[in-house]
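This report walks through a single protein chain, step by step, for a reader who is new to structural descriptions. Please keep the sequence and the model in view while reading.

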Amino acid sequence: MIKNILIGFLILVSAFFIVFANIKANEAEKSAMQAQLNLELAIENEAKAKAQEQKAVEAAAMARIAERKAIDLAKLLEECEK
């Protein structure tokens, strides 16, 4: 009698752990899928950041060129006013 109760209890515990392991495996699979999506998004954001960086470098170069032209024009204006 006690032996049968113990076997029944162990079967219930085993079934619980099987269900629990299955739930955790599903959660792990969902986490892996989310991690893959996050990786793809990070790669996409990195590419966008590089493009923005290139635009910023180009804008800074254009600003330096405009600054040099402004300085040259200011000098030319000074010379003309003399």
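## Terms and origin of the model

A residue counts as buried when its relative accessible area is under 20%, as exposed when that value is over 50%, and as partly exposed in between, with a 1.4 Å probe and only protein chains taken into account. Glu44, at 42% relative accessibility, therefore counts as partly exposed.

The model is predicted, so that local features need pLDDT of at least 70 and side-chain atom pairs count only at pLDDT 80 or more, while totals for chains, interfaces and linings use all residues. Residues are numbered from 1 along each chain as its sequence is written, and side-chain values use heavy atoms, with hydrogens and water left out.

## Overall form

The chain has one helix and zero strands, where helices (H or I, at least four residues) and strands (E, at least two) are DSSP runs numbered from the N terminus. The radius of gyration of the chain is 35 Å, well over the 12 Å that the globule rule gives for 82 residues, so the chain is more spread out than a compact globule. That radius is taken over C-alpha atoms, and the globule rule is 2.2 Å times the number of residues to the power 0.38. Along its principal axes, the C-alpha trace spans about 120 × 15 × 10 Å.

What share of the 82 residues counts as buried? The share is 0%. The chain exposes about 7600 Å², of which carbon and sulfur atoms supply 67%; such areas come from the Shrake-Rupley method with a 1.4 Å probe, and for residues only the protein chains shown count as cover.

## Salt bridges

Side chains of opposite charge can pair when their charged atoms come close. How many salt bridges does the structure hold? There are three salt bridges, each being a side-chain nitrogen of Lys or Arg within 4 Å of a carboxyl oxygen of Asp or Glu.

One of them joins the side chains of Lys24 and Glu27, at 3.3 Å from N to O. These two residues are three residues apart in helix H1 (residues 2-81), and Lys24 and Glu27 are therefore separated by about one helical turn. Lys24 is partly exposed at 40% relative accessibility, and Glu27 is also partly exposed, at 40%. Another salt bridge links Glu44 with Lys48, again at 3.3 Å from N to O, and because Glu44 and Lys48 are four residues apart in helix H1, about one helical turn separates them. In the bridge between Glu46 and Lys50, the closest N and O atoms are 3.7 Å apart; both residues lie in helix H1, four residues apart, or about one turn of the helix. Glu46 counts as partly exposed at 42% relative accessibility, whereas Lys50 is exposed, with a relative accessible area of 52%.

## Aromatic rings

Rings of Phe, Tyr and Trp (its six-membered ring) pair if their centres lie within 6.5 Å, and the pair is stacked if the planes are under 30 degrees apart, edge-to-face if they are over 60, and tilted for the rest. The count comes to two aromatic pairs. The rings of Phe16 and Phe17 have centres 5.4 Å apart and planes at 65 degrees, so this pair is edge-to-face. Phe16 and Phe20 form a stacked pair, with 6.0 Å from centre to centre and 15 degrees between the planes.

Phe16 and Phe20 both lie in helix H1, four residues apart, which is about one turn of the helix. Phe20 is partly exposed, with a relative accessible area of 39%. Together, Phe16, Phe17 and Phe20 form one aromatic cluster.
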